[in-house]
Amino acid sequence: MPMSVEEEIPTIYIGKKPLISYIIVAISMLLNEKVRKIRISARGAGISRAVDVSEILRTRYLPKIIDIERINIGTDTLKNPEGRIDRVSFIEIVLVKKV
């Protein structure tokens, strides 16, 4: 089954909320909605929180239900209000339901 267009994957953007907030949203998406995959995305200081959310989901809350499909890392270039170019690291972790 060839995929001509990349499927739309719901994304959870990690910020400064408590970890459990992101975990509850992810569990809700994976168990109540008709999605097979979710993406957890973060920049800068949120990267470690994104990894924590993914690992807590995978090992504690949904073991044997989800797994990591892929991890993308890189650097975004952003223009700040003063006009300077800033480089910010990012991570995207795609979790997939096991079939």
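These are my notebook entries from a first look through this structure.

**Entry: the model.** I began by noting that I am working with a predicted model.

**Entry: the sheet.** I looked up how the strands are arranged. I found an open sheet of 4 strands in the order E1-E2-E4-E3, and its pairing is mixed. I then asked myself which strands sit at the edges. They are E1, residues 11-13, and E3, residues 66-79, and each of them pairs on one side only. I also wrote down the twist, which averages 20° from one strand to the next.

**Entry: E2 with E4.** Next I followed E2 (residues 37-43) to its partner E4 (residues 85-97). The two pair in the antiparallel sense, over 7 bridges.

**Entry: E3 with E4.** How many bridges join E3 and E4? I counted on the record of pairs and got 13, again in the antiparallel sense. Here my landmark is Asp-76, which stands opposite Val-88 in E4.

**Entry: a reminder to myself.** In a regular strand the side chains alternate between the two faces of the sheet.

**Entry: the helices.** I turned to what lies across the strands. Helix H1, residues 19-32, lies across E1, E2, E3 and E4, and runs at about 175° to E1. Helix H2, residues 47-61, lies across E2, E3 and E4, and runs at about 5° to E4.

**Entry: Ile-56.** I stopped at Ile-56, which has its place in helix H2. Is Ile-56 buried or exposed? Ile-56 counts as buried because its relative accessibility is 16%, and the cut-off for buried is under 20%. Leaving aside residues up to four places away in sequence, Ile-56 touches Leu-19, Ile-23 and Tyr-61. I also checked Ile-56 against Ile-20: they are 36 residues apart along the chain, and their C-alpha atoms are separated by 9.5 Å.

Entry: Tyr-61 has a relative accessible area of 38%, so I put it down as partly exposed. I then asked which residues make the nonpolar surface patch of about 280 Å². Tyr-61 makes this patch together with Ile-20 and Ile-24.

Terms used:
Residues are numbered from 1 along each chain as its sequence is written. This is a predicted model: local features need pLDDT of at least 70, side-chain atom pairs count only at pLDDT 80 or more; totals for chains, interfaces and linings use all residues. Side-chain values use heavy atoms; hydrogens and water are left out. Two strands pair if DSSP finds at least two bridges between them. Axes are lines fitted to C-alpha atoms, for helices over the stretch in contact, and angles run from 0 to 180 degrees between N-to-C directions. Contact means heavy atoms within 4.5 Å. Patches are made of residues with over 30% relative accessible area and no salt bridge: like charges are joined within 9 Å, nonpolar side chains (Val, Leu, Ile, Met, Phe, Trp, Tyr) within 5 Å. Accessible areas come from the Shrake-Rupley method with a 1.4 Å probe; for residues, only the protein chains shown count as cover. A salt bridge is a side-chain nitrogen of Lys or Arg within 4 Å of a carboxyl oxygen of Asp or Glu. Buried means under 20% relative accessible area, exposed over 50%, partly exposed in between (1.4 Å probe, protein chains only).
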